Amino acid sequence: MTVAGRWLGRLGLGVLYAAVALFFVVPLWWALVGSMTPLNAVFAHLSPFDLHALWPGQPTLRAYGQLFRQHDFARVLLNTAFVALATVAAGLVVNGMAGFAFAVMRFRGKRVLFVIALVSAMVPAEALAIPLFELVGQLGLLDSYAALIAPAVSNGMAIFLFRQFFAEIPVDLAEAARLDGAGWGTIFLRLYLPLSLPATIAAGLLLFVFQWESFLWPLIAVHSQRYTVIQIALANLQQQHGTEWTQIFAASTLAAMVPLLLLLPLQRFYVQGLVRSGVKG
Amino acid sequence: MAAPGSTSPGGGSHRTKRRRLFQGDERAAYLFLLPAALGLALFRVYPMLEAVGGSLYGQVFSASGPHTLFVGLGNITALLGNAVFWHSLWVTLELNLVLNPMQVVLALALALMVQGRSRAMAAYRVLLLVPIGVSLPVATILWRLMLDPNSGFVNALLAFVGLPPQPFYTSASQALWSIMLIANWKGVSYWMVFVLAGLQGVPGQLLEAAAIDGATAVQRFWHVTLPLLRRPLAFVLVADTVINFVMFVPMYLLTRGGPSGATNVLMYQAYKVGFAFGDMGGALAIVSVLLAVILVVVALQLRLLEPGRESW
């Protein structure tokens, strides 16, 4: 290949990498910039298009102020954070214990129970939302925090993730502790959990992101304003007639910011957790 | 890991000793499992039964108000005779037949692009992970504004390079493609993660040996890399199918199943029947159909993940 040809190839590759990166980053970046731009300026830079559409001229937080004053977004964010954190707290205990039993302990019916947990991990929550609505209605729990939290606590994928991690810890450790007369609770809490920080972080992120991004279930399970979570608030905002684009940008930015701020620094654990619970059977 | 002497010498005695040691621990095991098992039974397994059971009932309106009535397979036979259901099933299949292979190929391409070990590449990979932290509702709403036919970003770009504006999700012919674009933006880098993990399992010596034997980069990919990626790629295809089969959010937030039914997938139809028309039995009949398909796909996946089937 000629030198010119090689340079042309490199250039083409560079353009490809840049285009892919822009494709993934521009929508959120545009929203971030748009959320801090005066409304008329959002459109001014699109027709005709100039790069000021992607860089704020005179940044303003007006749209965010409107969200908090007119649309009660403080409440919305607190609701979502509460639901997500409660699910994480309960879910880590419940799924961690189950993962421990599957990895370390012996009991009859282990295979069958494990397959049930696996299947439940693979059936998407959306598919079960409508029958779940019937059940939660019969339990009299509709339109409450419990309706939002309880169904998400037991999570087959989190169980699987913990099991995979615990299974790699040599069982001799548990045996030795057993010989010394330690109870299973002690072994779980003192021995296994401290060795499993990566799994705990990964499972915690999994549960948090699941709840923060949940849409269909809160859409049907809850209708009072006092229980509104972020994705629903965003959808409501979008469906109200005459909502300003800057407000939709601001709400989208808020909704995306929280999981991103958690995921980006902890992405190593999240990715490893995904892979562990996914391909490496 | 264990210090010498902490395990008993001789495999056989170790076995029996272990059995004795763990005896009577079954109760403890069940206690550890109980909370999760209760949750899964109540909120995961029971709803599957409820979907089938509930589809056997229907609402009847009389002078004294609505009544719930046992209708047996009435809801299912009504579905089979309903043109809207068949059209909705077709849209669902259309979406999945195009989107799922597309996502597998794009995830693979992306993984090949970013598999390098340099620091710059690691930073680039993090950039691609951004959509994982963006929920599907947020992604849909952002792309709704991006693709807005009148004042959206994409049409502004098209105008900038001299192309005519497109109707995107407002036209029956482009709506499903617009939704696929959103699904790809949101999903491809997530699926890439699994392919990337698979790529890391491809032994470097194998590729070097092939290169020494004179195999070109393309040959190395087809004959060494790709066969070793079968398992992660199959996993991605199956897991992706299960999720895309019940896609709901873009149809709800962007197209409302339209224009003229072009994006009216089964999950959206089920929601409409249950919550807009108030026919819960009819909605559960559709959900039962969806669950049947999903369970078949999941059974396939379980076989795939079964240990000892590495060479699948």
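Start by selecting the loop of chain A that runs between α6 (125–138) and α7 (145–153), and pick out Asp143(A), which is found in that loop. This is a predicted model, and in it the phi of Asp143(A) is near 55°, a positive value in a residue other than glycine.

Now move to chain B and select the loop between α12 and α13, where Arg256(B) has its place. Arg256(B) also has a positive phi, of about 50°, although it is not a glycine. With 12 C-beta neighbours inside 10 Å, Arg256(B) counts as exposed. Stay in this loop, between α12 (249–255) and α13 (266–276) of chain B, and select Pro259(B), which lies there too. The peptide bond that joins Gly258(B) and Pro259(B) is cis, with an omega of about -10°.

Return to chain A and select residues 73–104, which form helix α4. Helix α4 of chain A has 32 residues, and from its first C-alpha to its last it reaches 45 Å, which is close to the 46 Å expected at 1.5 Å a residue. Where is the kink in α4(A) centred? Look at Gly91(A), for the kink of about 30° is centred on that residue.

Next, select residues 230–239 of chain A, which make up helix α13 of that chain. Eight of the ten residues of this helix are buried, so the helix is largely enclosed by the rest of the structure. To see them in the viewer, highlight Ile230(A), Gln231(A), Ile232(A), Ala233(A), Leu234(A), Ala235(A), Leu237(A) and Gln238(A), which are the buried residues of α13(A).

Eight residues from domain 1 of chain A and eight residues from domain 2 of chain A take part in the contact. On the domain 1 side, the elements that give two or more residues are α1 (3–35) and α2 (39–44) of chain A, and the largest share, five residues, comes from α1(A). By class, this side of domain 1 of chain A has five nonpolar, three polar and no charged residues.

Then show both chains together and turn to where they meet: 77 residues of chain A are in contact with 84 residues of chain B. Which helix gives the largest share of the side of chain A that touches chain B? Select residues 245–278 of chain A, because this is helix α14, which supplies 14 residues, the largest share of that side. The residues of the side of chain A that touches chain B divide into 58 nonpolar, eleven polar and eight charged.

Finish by colouring chain B by confidence. Chain B averages a pLDDT of 84, and 88% of the residues score at least 70. Select residues 1–13 of chain B, where pLDDT stays under 50 and the model has eleven contacts beyond four places in sequence. Residues 308–312 of chain B also have a pLDDT that stays under 50, and for them the model has three contacts beyond four places in sequence. For the model as a whole, the scores are ipTM 0.89 and pTM 0.88.

Terms used: Residues are numbered from 1 along each chain as its sequence is written. Chains are lettered from A and ligands numbered from 1 in the order in which they are written. This is a predicted model: local features need pLDDT of at least 70, side-chain atom pairs count only at pLDDT 80 or more; totals for chains, interfaces and linings use all residues. Two residues are in contact if their C-beta atoms, placed from the backbone, lie within 7 Å. Helices (H or I, at least four residues) and strands (E, at least two) are DSSP runs, numbered from the N terminus. Ala, Val, Leu, Ile, Met, Phe, Trp, Tyr, Cys and Pro count as nonpolar, Asp, Glu, Lys and Arg as charged, and the others, Gly among them, as polar. pLDDT is the predictor's confidence in each residue, from 0 to 100. The expected span of a helix is 1.5 Å times one less than its number of residues. The bend at a residue is the angle between axes fitted to the seven residues ending there and the seven starting there. A residue is buried if 20 or more other C-beta atoms lie within 10 Å of its own, exposed if 12 or fewer, and partly exposed in between; C-beta atoms are placed from the backbone.
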